[in-house]
Amino acid sequence: MKKFNLFLLMTLTALAGCQPKPGTEDLIRLHNSGIAAAFSSYGARLVQLEVAGKDRQPVNIVWGFDSADSYKRAAKDPYYGAIIGRYGNRIAKAQFTLDGNIYHLNANDHRNSLHGGKDGFNSKTWDIVAKSDSSVTFSYTSPDGEGGYPGKLAVKVTYTLSSDRSLHIVYEAKTDKPTVINLTNHAYWNLNGPGSGDILKHKLTIYAARYLPVDSTLIPLGKAAPVMGTPFDFNRPTAIGARINIANEQLKSGKGYDHNYVLDAHDKQMPVAEVTGDRSGISMQVYTDQPGLQFYSGNFMAGNNVMNGGHGDNFRNGFCLETQHFPDSPNEPAFPSPVLRPGETYRTTTVYRFTAGR
Ligand code: GAL
């Protein structure tokens, strides 16, 4: 497996005082003990994340490009590593009603609005407002009416690498009019390393007794259903691919897993999900205060892009665990509310913690 060695590159660049590789100028590099990562201000994206694999060598475990230009040129940008906003996931018929007003959004996925519409936060160039060796804060102010959403929304996202090999993501926002908000990060993980093939043998656990069944356009049907006895039950470590191809209406609608789980506990004390790469032995635990987790098994990856390390982004070669509000919550009064009002602060945290390969 060809690895892009971030540790080595940083050391060599520092020692030789040499220029960064062409195309890598705009990356922001962070490190802490046993973990290193790179970010782009284009979409406030996580571009690379390295932890040690079985042989103690660093392995990059996220799909990314090494420059903002490559993201801009990407075929149908699949949101690699980006911050998604204003509303991660789908809003049915690209509209919602708040305080009696109807808001019309950009419909970019069938009749629905996906990930903030066609010019979501993933396609904005964010400002860097703070930076240290292990942390960076990006900010973006979305004008009133952008994408059809009400209110001027000031957003900050802070990524921090901590010494227990974790990536912390803190999302904050304030609005000047009532609005809806659902921020998430869209990293595609492959814990064996991009270029190592599909993720179907990764073992996944999701601590959730229920998930949200969807229609053919991936909008929740409204009611959560038990996972017990279905291919959606990941309460015990199970290979992602073990049941992905069995005949099941729900799996067909998502062309694999593309569903939101109703998390049993989301108080940041207990992991909501855990995954282990079968080849690298690297494990990832996810902690969050959000009510939902979108498990997406890379079903729309189609080998359209050659990414870092020279690897094609082939079918199901990455998976996403996006912590978030439930899809279409602005239209589902029974779901936890995604409404943000003036004077309130939206603040949520998600942590991805890694264990080196064994
Ligand atoms: C996921 C979503 C998928 C797909 C993907 C981007 O978050 O659940 O349905 O849209 O983003 O290709």
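I take a polar contact as a pair of N or O atoms within 3.5 Å; within protein, one must be able to donate a hydrogen and the other to accept it, and residues adjacent in sequence count only if both atoms are side-chain atoms.

**Ground rules.** I am working on a predicted model, where local features need pLDDT of at least 70, side-chain atom pairs count only at pLDDT 80 or more, and totals for chains, interfaces and linings use all residues. Residues are numbered from 1 along each chain as its sequence is written, and side-chain values use heavy atoms, with hydrogens and water left out.

**Gln-294.** I looked up this residue and found Gln-294 in strand β23 (residues 292–296). Strands are DSSP runs of E, at least two residues, numbered from the N terminus. Its side chain makes a polar contact of 2.9 Å with the side chain of Asn-260. A second polar contact, 2.8 Å, ties the side chain of Gln-294 to that of Asp-258. Gln-294 counts as buried because its relative accessibility is 4%, and buried means under 20% relative accessible area (1.4 Å probe, protein chains only).

**Ligand.** Which residues surround the ligand? I list Tyr-79, Arg-90, Leu-114, His-115, His-186, Tyr-188, Leu-218, Asp-258, Gln-294, Tyr-296, Phe-300 and Glu-322. A residue is near a molecule if one of its heavy atoms lies within 4 Å of it. By class, I note six nonpolar, three polar and three charged residues in this shell. Ala, Val, Leu, Ile, Met, Phe, Trp, Tyr, Cys and Pro count as nonpolar, Asp, Glu, Lys and Arg as charged, and the others, Gly among them, as polar.

I then checked distances to ligand oxygen atoms. A side-chain N or O atom of Asp-258 is 2.5 Å from one. For Arg-90 I read 2.8 Å. For a polar side-chain atom of Glu-322 I read 2.9 Å. The protein covers 94% of the 310 Å² of accessible area that the ligand has on its own (Shrake-Rupley method, 1.4 Å probe).

**Backbone.** Where is the cis peptide bond? I found it from Gly-85 to Arg-86, with omega near -5°. Arg-86 is in the loop between β5 (83–84) and β6 (90–91). Asn-89 is also placed in the loop between β5 and β6. Its phi is near 75°, a positive value in a residue other than glycine. Asn-89 is buried, at 2% relative accessible area.

His-115, one of the residues around the ligand, has phi near 50°, again positive in a non-glycine residue. I place His-115 in the loop between β9 (113–114) and β10 (127–131). At 6% relative accessibility, His-115 is buried.

Conventions: Helices (H or I, at least four residues) and strands (E, at least two) are DSSP runs, numbered from the N terminus. Buried means under 20% relative accessible area, exposed over 50%, partly exposed in between (1.4 Å probe, protein chains only).
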